[in-house]
Amino acid sequence: MILIRFFLLLLLLPLCTHAQTDSVHVWNKWCARKDTLLLFRSGNNQIRVYCQGMKPSAFTVKSLDKCLRIGTPEVEGDTLSVLAMPFITKEKTMRLAIVDTRTSRVFKTVNFTQDSLPKPVARIGNLEMKEIARHTLLTQTKLRVVFPKSLYSYPYTVTAYTFKDSTAKGAVTLNVKTFFITNAVQKELAEVPENTEVTFTNIKALCPECATRTLPDLKVKVKP
């Protein structure tokens with residue numbers, strides 16, 4: 001009977017080890033897709049690690065390649081986090097090891113890739129078009145900051161902008177100190193003639209750990 005239990009234990013051991021590995025979740029907090037191990041050059045990267053059934057004090061992380069430099073790990077609740085920065089070197093791999101604190105055994109290794117960071121731009125809500133129907137424009141409430149064709153999702157916020165239009169009635173300039181599309185701007189969007197081009201200029205954006213930056217002008221044609 002003892003021998004039978006012993007053989008059963010040997011059979012189950014690989015399954016238990018596999019389950020432990022699968023229960024390790026690693027992601028970049030500032031990547032829009034949590035299932036994509038992607039780091040951004042010249043961006044903010046915070047690698048987060050959660051191990052199901054383990055306290056963060058029971059494991060740590062270690063970079064295995066010069067391409068990947070990391071800071072000192074910190075614990076936030078049930079998750080370990082560490083700042084990371086990718087570098088371009090002759091090496092092409094960026095491996096991060098998850099290490100058992102007690103035994104120093106590596107029980108999972110993940111491979112990150114890296115991407116360049118495009119310059120941020122402003123958008124009206126989630127709209128990407130340069131020509132937008134009036135009724136669609138009027139449903140939007142704010143200006144957003146995005147990184148075109150990128151999964152980078154660091155929280156930039158518009159803090160101010162200037163709205164301009166010019167029609168037969170004259171030119172209008174509205175200075176706004178918020179990311180909201182204010183009632184005054186909404187009124188102009190509702191009243192300008194069809195095919196009028198309006199401009200959001202002098203757009204200021206701020207993130208939690210950076211200086212205010214000016215974004216490119218945003219020009220939109222108001223369609224019927």
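**Disulfide.** I started with the cysteines: cysteine 207 and cysteine 210 are joined by a disulfide, S to S 1.8 Å. The cut-off I used for a disulfide is a pair of cysteine sulfur atoms within 2.5 Å. In general, such a link is a covalent bond between the sulfur atoms of two cysteines. I searched the whole structure and found one disulfide.

**What I am looking at.** Residues are numbered from 1 along each chain as its sequence is written, and side-chain values use heavy atoms, with hydrogens and water left out.

**The cysteines, one by one.** I checked how covered they are, with buried meaning under 20% relative accessible area, exposed over 50%, and partly exposed in between (1.4 Å probe, protein chains only). Cysteine 207 is buried at 6%, whereas cysteine 210 is partly exposed at 27%. Cysteine 31 is buried, at 0% relative accessibility.

**Confidence.** Next I looked at pLDDT, the predictor's confidence in each residue, from 0 to 100. The chain has a mean of 90, and 90% of its residues reach 70 or more. Residues 2–21 have a pLDDT below 50, and beyond near neighbours in sequence this stretch has four contacts in the model. A contact here is heavy atoms within 4.5 Å. Where pLDDT is low, the predicted coordinates should not be read in detail.

**Open sheet.** I traced a sheet of four strands; it is open, with mixed pairing and the order β2-β9-β8-β4. Its edge strands, each pairing on one side only, are β2 (38–40) and β4 (59–63). From one strand to the next, the twist averages 35°. Helices (H or I, at least four residues) and strands (E, at least two) are DSSP runs numbered from the N terminus, and two strands pair if DSSP finds at least two bridges between them. Inside this sheet I followed β8 (residues 94–100) and β9 (residues 106–115), which run antiparallel and are joined by six bridges. Valine 99 stands opposite valine 106 in β9.

Then I went to β3 (46–51). Buried or exposed? Five of the six residues of β3 are buried. I found five bridges between β3 and strand β1 (residues 24–28), an antiparallel pair. Another four bridges link β3 to strand β7 (residues 79–86), also antiparallel. Isoleucine 47 is the bridge partner of asparagine 28, and isoleucine 47 also stands opposite valine 82 in β7.

**Helix α3.** Which residues of α3 (residues 183–191) are buried? I got Val185, Gln186, Glu188 and Leu189. They sit on the same side of α3, because they cover an arc of only 160° around the axis; that arc is taken over the directions from the helix axis to the C-beta atoms. These buried residues pack against α2 (134–137), β13 (157–167), β14 (170–176), β15 (196–206) and β17 (218–223).

**Leucine 206.** I stayed with β15, where leucine 206 lies. Leucine 206 is partly exposed, at 34%. Leaving aside neighbours within four places in sequence, its contacts are Pro155, Tyr156, Thr157, Thr159, Ala211 and Thr212. I also took the C-alpha separation from leucine 206 to valine 145, 61 residues apart along the chain: 9.5 Å.

**Positive phi.** Last look. Most residues other than glycine have a negative phi. Serine 42 has a phi near 65°, lies in the loop between β2 and β3, and is exposed at 70%. Asparagine 202 has a positive phi of about 50°. Asparagine 202 lies in strand β15 and is partly exposed, at 40% relative accessibility.

Definitions and conventions
This is a predicted model: local features need pLDDT of at least 70, side-chain atom pairs count only at pLDDT 80 or more; totals for chains, interfaces and linings use all residues. Axes are lines fitted to C-alpha atoms, for helices over the stretch in contact, and angles run from 0 to 180 degrees between N-to-C directions.
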